[in-house]
2 protein chains.
Amino acid sequence: MQSQGYERPMRADARRNRARIMDAARELFAAGGEVQIDEVARRAGVGVGTVYRHFPDKEALMGELVRARFRLFNENLAAALEREDRPFDALAEAMRANAASVAEDAATRFAFMSGGERVFAHAAVEMEEFMQLTTALVARAHASGELRSDFQAPDVPMVMCGVCATIDKGAAGWDWRRHLELVLSGMRR
Amino acid sequence: MQSQGYERPMRADARRNRARIMDAARELFAAGGEVQIDEVARRAGVGVGTVYRHFPDKEALMGELVRARFRLFNENLAAALEREDRPFDALAEAMRANAASVAEDAATRFAFMSGGERVFAHAAVEMEEFMQLTTALVARAHASGELRSDFQAPDVPMVMCGVCATIDKGAAGWDWRRHLELVLSGMRR
DNA sequence: ACCTGAACACCGTTCAAGT
DNA sequence: ACCTGAACACCGTTCAAGT
């Protein structure tokens with residue numbers, strides 16, 4: 001159902017509803033606390049059934065929010081690959097941009113932290129692209145000799161997951177920018 | 001209700017039930033997936049009402065599991081403070097020990113990741129002690145000149161939270177020991 | 001082709017009755 | 001003083017009826 005490639009375009013009202021549902025979910029997550037489907041439906045101005053017509057279950061809705069965010073991550077990674085100079089800094093900047101992206105999206109944070117594997121399965125294609133772009137950035141940084149030699153491409157999402165946890169918890173005295181800079185300094189050779 | 005200091009000792013059967021409930025919860029979390037209170041009660045061999053007699057709600061049960069784990073964290077920190085030589089290594093070893101501790105406790109991980117502030121409020125006293133011990137370890141490491149000068153005591157739980165997220169997710173190609181070593185290398189001056 | 005919302009299912013929580 | 005489990009409440013999900 002998730003507008004996956006080759007199917008016929010949705011009716012205009014359906015497409016509008018779908019967008020409204022995702023916006024409503026994002027807004028409710030941004031407001032903090034628990035988010036119920038009934039609430040999402042009400043804010044989106046649709047019936048619950050419509051939410052379930054577009055998203056088979058709550059995890060699928062979360063998964064779509066995650067997927068949209070991964071597209072933004074990938075834009076940042078692609079932009080970093082454009083840069084020719086200073087490969088390590090390009091990688092670092094992309095990670096800073098992605099962390100900032102997560103910082104303004106409570107829904108994705110919630111999905112990352114509390115969501116099961118099924119949430120991520122929805123964004124499998126985007127995660128694949130994420131890993132390809134990341135692998136290229138890491139390879140270039142290695143070639144330049146600026147990156148710690150045992151650092152691997154999967155370490156990027158791993159440490160980003162850690163920073164994301166810090167952002168989401170937001171405890172007193174915590175600062176995710178410091179956290180990321182600490183990690184980046186550990187990555188530097 | 002949480003055997004908080006000055007109240008009269010529990011009846012022997014009540015104390016036994018309380019321990020069984022916590023053990024059951026730990027075991028079920030270790031087995032993975034969702035954990036329901038009914039299930040906890042069944043495995044502990046008590047009625048649901050008994051679970052609610054000992055723990056006002058599910059978060060309180062989670063909070064008690066977190067509290068017990070924080071006591072173990074604090075033992076590790078205290079042991080590190082005993083060491084006279086190499087203050088940075090003492091701090092690093094304590095962090096490794098605590099990460100390993102979290103790695104064998106899925107219940108605490110779940111509470112850390114998904115639990116709200118109320119879960120942590122239960123362990124306020126233990127967290128206070130955690131911060132005092134950590135502050136001492138960080139101060140000593142700073143004095144020895146081995147620790148990055150802008151590193152602060154609250155950064156310890158912050159980065160540990162990140163490593164905990166890595167442990168809990170356990171995605172392919174991730175290795176929380178590598179994650180922690182990367183962070184430690186960022187901490188080293 | 002899509003929408004609605006009452007009805008159902010599941011699980012957290014309560015409480016009257018029991019020992 | 002503590003325990004039990006049926007009953008209740010809440011929220012995710014379904015589906016018959018509507019446009």
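**Reading the contacts**

Analyst: Start with one contact: a phosphate oxygen of DNA strand C lies 2.7 Å from a polar backbone atom of Gly47(A). This is a predicted model, in which local features need pLDDT of at least 70, side-chain atom pairs count only at pLDDT 80 or more, and totals for chains, interfaces and linings use all residues. Residues are numbered from 1 along each chain as its sequence is written, chains are lettered from A and ligands numbered from 1 in the order in which they are written, and side-chain values use heavy atoms, with hydrogens and water left out.

User: What is a polar contact?

Analyst: It is a pair of N or O atoms within 3.5 Å; within protein, one must be able to donate a hydrogen and the other to accept it, and residues adjacent in sequence count only if both atoms are side-chain atoms. Here, a side-chain N or O atom of Thr50(A) is 2.6 Å from a phosphate oxygen of DNA strand C.

User: How many residues surround DNA strand C?

Analyst: A residue is near a strand if one of its heavy atoms lies within 4 Å of it. There are 21 around DNA strand C, and Asn17(A), Gly47(A), Thr50(A), Gln36(B) and Tyr52(B) are the closest.

User: Which helix gives the most to the surface near DNA strand C?

Analyst: Helices are DSSP runs (H or I, at least four residues), numbered from the N terminus. Helix 3 of chain A gives the most, with 5 residues.

User: How do chain A and chain B meet?

Analyst: Contact means heavy atoms within 4.5 Å. By that rule, 29 residues of chain A touch 29 residues of chain B. Buried area is the accessible area (1.4 Å probe) that two parts lose on being put together, summed over both. Between these chains it is about 2400 Å², with 61% from carbon and sulfur atoms. On the chain A side, Met158(A), Arg178(A) and Leu182(A) lose the most area to chain B, together 28% of what that side buries.

User: How many salt bridges cross the interface of chain A and chain B?

Analyst: A salt bridge puts a side-chain nitrogen of Lys or Arg within 4 Å of a carboxyl oxygen of Asp or Glu. The rule finds 2 across this interface. One of them joins Asp155(A) and Arg178(B), at 2.2 Å from N to O. Helix 9 of chain A supplies the largest share of the side that touches chain B, 9 residues.

Conventions
Helices (H or I, at least four residues) and strands (E, at least two) are DSSP runs, numbered from the N terminus.
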